[in-house]
Amino acid sequence: MAFWGVEIKPGKPYTHQYDDMRGRLHISQATLGTGSSTDKSLLQCNVGDKSPVLLCSLLPDKTESCPLSLEFEEDDDVVFSVVGPRSIHLTGFYLGVVQDFGGDD
Amino acid sequence: MAFWGVEIKPGKPYTHQYDDMRGRLHISQATLGTGSSTDKSLLQCNVGDKSPVLLCSLLPDKTESCPLSLEFEEDDDVVFSVVGPRSIHLTGFYLGVVQDFGGDD
Amino acid sequence: MAFWGVEIKPGKPYTHQYDDMRGRLHISQATLGTGSSTDKSLLQCNVGDKSPVLLCSLLPDKTESCPLSLEFEEDDDVVFSVVGPRSIHLTGFYLGVVQDFGGDD
Amino acid sequence: MAFWGVEIKPGKPYTHQYDDMRGRLHISQATLGTGSSTDKSLLQCNVGDKSPVLLCSLLPDKTESCPLSLEFEEDDDVVFSVVGPRSIHLTGFYLGVVQDFGGDD
Amino acid sequence: MAFWGVEIKPGKPYTHQYDDMRGRLHISQATLGTGSSTDKSLLQCNVGDKSPVLLCSLLPDKTESCPLSLEFEEDDDVVFSVVGPRSIHLTGFYLGVVQDFGGDD
């Protein structure tokens, strides 16, 4: 099993938790969900107690998809949320358990 | 043999099945097919009985190609379909059989 | 030697043949050639006797470059052609001979 | 731990220093922060005493996200700064300590 | 040391030469330099005595950054030049010496 996909809806943050069986998650793409609002929707990410960061900005009828190439392998919760009116579909795949040569986790 | 390409037509979902001989499939690109409609076409993906997710949104005369970087290695069927009036060409390549260090499949 | 680049001209398809010495070809990028036509140019790919697929769509003065990330390692001829008025420059690099764990080629 | 993210604010350069425990940093994406200015914001990078280079250009309401795919593993300080009115959110992940076959560092 | 960046100015081609110590160069991104011209700027590449190819096309106020994903490991000189009025900033990183299983170089 490799593929991973979720729809993040406005007002309903999604929490990703590390799963020993599946390993590191690679997120490849964000795509704007269907809807009529023409305001932009931003994808925000909160990891543990760090400051939130924006991952992408989707503009209706201009840029509705955005490649991401992010990887998550955190002990902390990773919370994705939408800032804006429309849902954002996130897709990617599990890389499996990646051997890590670093020593800080 | 590495290259993989299909045209997904509106109303005709395409089912990808895992093939032991070819291994994990990497999908690299989606491109809008020819046609006169100026409405957008979305690429949707259904894996097994999970909720469908959108992979990309193609806008005629604005954004007609979209990089994807997705990988599929599912026991379940993977069904690609178009939401919209024009076909979507998907291209990518087989990665071969990837050794998986995870333990959930 | 790693870099690979060709200009595909309208009406002059280009055939790529696998070369044992160079191995798998990674194509990274398509860019619209110079010219005055404002009609779009599509890049089409034919592999052996399979149906042709579109790899990207380039729109003058809007989207003149497109990342591709495709890999070719076919025994069959791979024919690239332009559908439209302007040439398309393809660039990428050889990956060398990639060990393939699959068993179908 | 893999994910890395920072917000670079105008007038407040951010310095990234190599950390033996985390290894090589892959930066994947730049996204324009919220704000009302419609002027573009550029991301600039200074490494040691080399000439500064621009990493991307973000255009409000046109191109608010940009994939980057850059890697940093410098002994020298790497300073990111914004040229323009709005902040830029940078995201990526640590690759861990990458074995380097070169001999110049 | 991994990061690599140069500014290619109009009328001043830049020559990249392979360096045994640093190995294969991965170029990730092109970004339009500052300036007031609204004409597009193309990035051209000449390798040895092969025909020049275009790597990307940057359009002021529309598409000012372009992901590239190209790799260079040539014995021949690689010459980058700008066709157009504004400079282009190229960034990437050294991959180190990559073991090559092919036999032609």
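Across all chains of the predicted structure, a search identifies 15 aromatic pairs. In chain A, the ring centres of Trp4(A) and Tyr14(A) are separated by 6.4 Å and the ring planes meet at 65°, so this pair is classed as edge-to-face, the cut-off for that class being over 60 degrees. Because Trp4(A) belongs to strand β1 (residues 3-8) of chain A and Tyr14(A) to strand β2 (residues 14-16) of chain A, the pair ties together parts that are 10 residues apart in sequence. Trp4(A) is buried, its relative accessible area being 6%, whereas Tyr14(A) is partly exposed at 27% relative accessibility.

An edge-to-face pair is also formed in chain E by Trp4(E) and Tyr14(E), with 6.4 Å from centre to centre and 65° between the planes. Here Trp4(E), in strand β1 (residues 3-8) of chain E, is linked to Tyr14(E), in strand β2 (residues 14-16) of chain E, 10 residues apart. Trp4(E) has a relative accessible area of 6% and is buried; Tyr14(E), with 27%, is partly exposed. Aromatic rings also connect residues of two chains, as Phe3(A), Phe72(B) and Phe80(B) are linked by ring pairs into a cluster.

Attention now turns to chain C. Glu71(C) is located in strand β6 (residues 65-72) of chain C and is buried, with a relative accessible area of 10%. Its side chain makes a polar contact of 2.7 Å with the side chain of Arg24(C) and another of 3.1 Å with that of His26(C). When neighbours within four places in sequence are left aside, the residues in contact with Glu71(C) include Leu25(C) and Leu95(C), together with Ala2(B), Phe3(B) and Phe93(B) of chain B.

The interface between these two chains brings 30 residues of chain C into contact with 28 residues of chain B. About 2200 Å² is buried between chain C and chain B, 55% of it on carbon and sulfur atoms. One salt bridge is found across this interface; Lys40(C) forms a salt bridge with Glu64(B), their closest N and O atoms lying 3.0 Å apart. On the side of chain C that touches chain B, at least two residues each come from β4 (41-47), β5 (53-58) and β6 of chain C. The greatest contribution to that side is made by β6(C), with seven residues. By class, the side of chain C that touches chain B comprises 15 nonpolar, five polar and 10 charged residues.

Technical notes. Residues numbered from 1 in each chain as written. Chains lettered and ligands numbered in written order. Predicted model: local features only at pLDDT ≥ 70, side-chain atom pairs only at ≥ 80, totals over all residues. Heavy atoms only, no water. Phe/Tyr/Trp six-rings, centres within 6.5 Å; stacked < 30°, edge-to-face > 60°. Helix = DSSP H or I, 4+ residues; strand = E, 2+ residues; numbered from the N terminus. Buried < 20%, exposed > 50% of the residue type's maximum accessible area, 1.4 Å probe, protein only. Polar contact = N/O pair within 3.5 Å; in protein donor to acceptor, adjacent residues only side chain to side chain. Contact = heavy atoms within 4.5 Å. Buried area = accessible area lost by both parts, 1.4 Å probe. Salt bridge = Lys/Arg side-chain N within 4 Å of Asp/Glu carboxyl O. Nonpolar A, V, L, I, M, F, W, Y, C, P; charged D, E, K, R; others polar.
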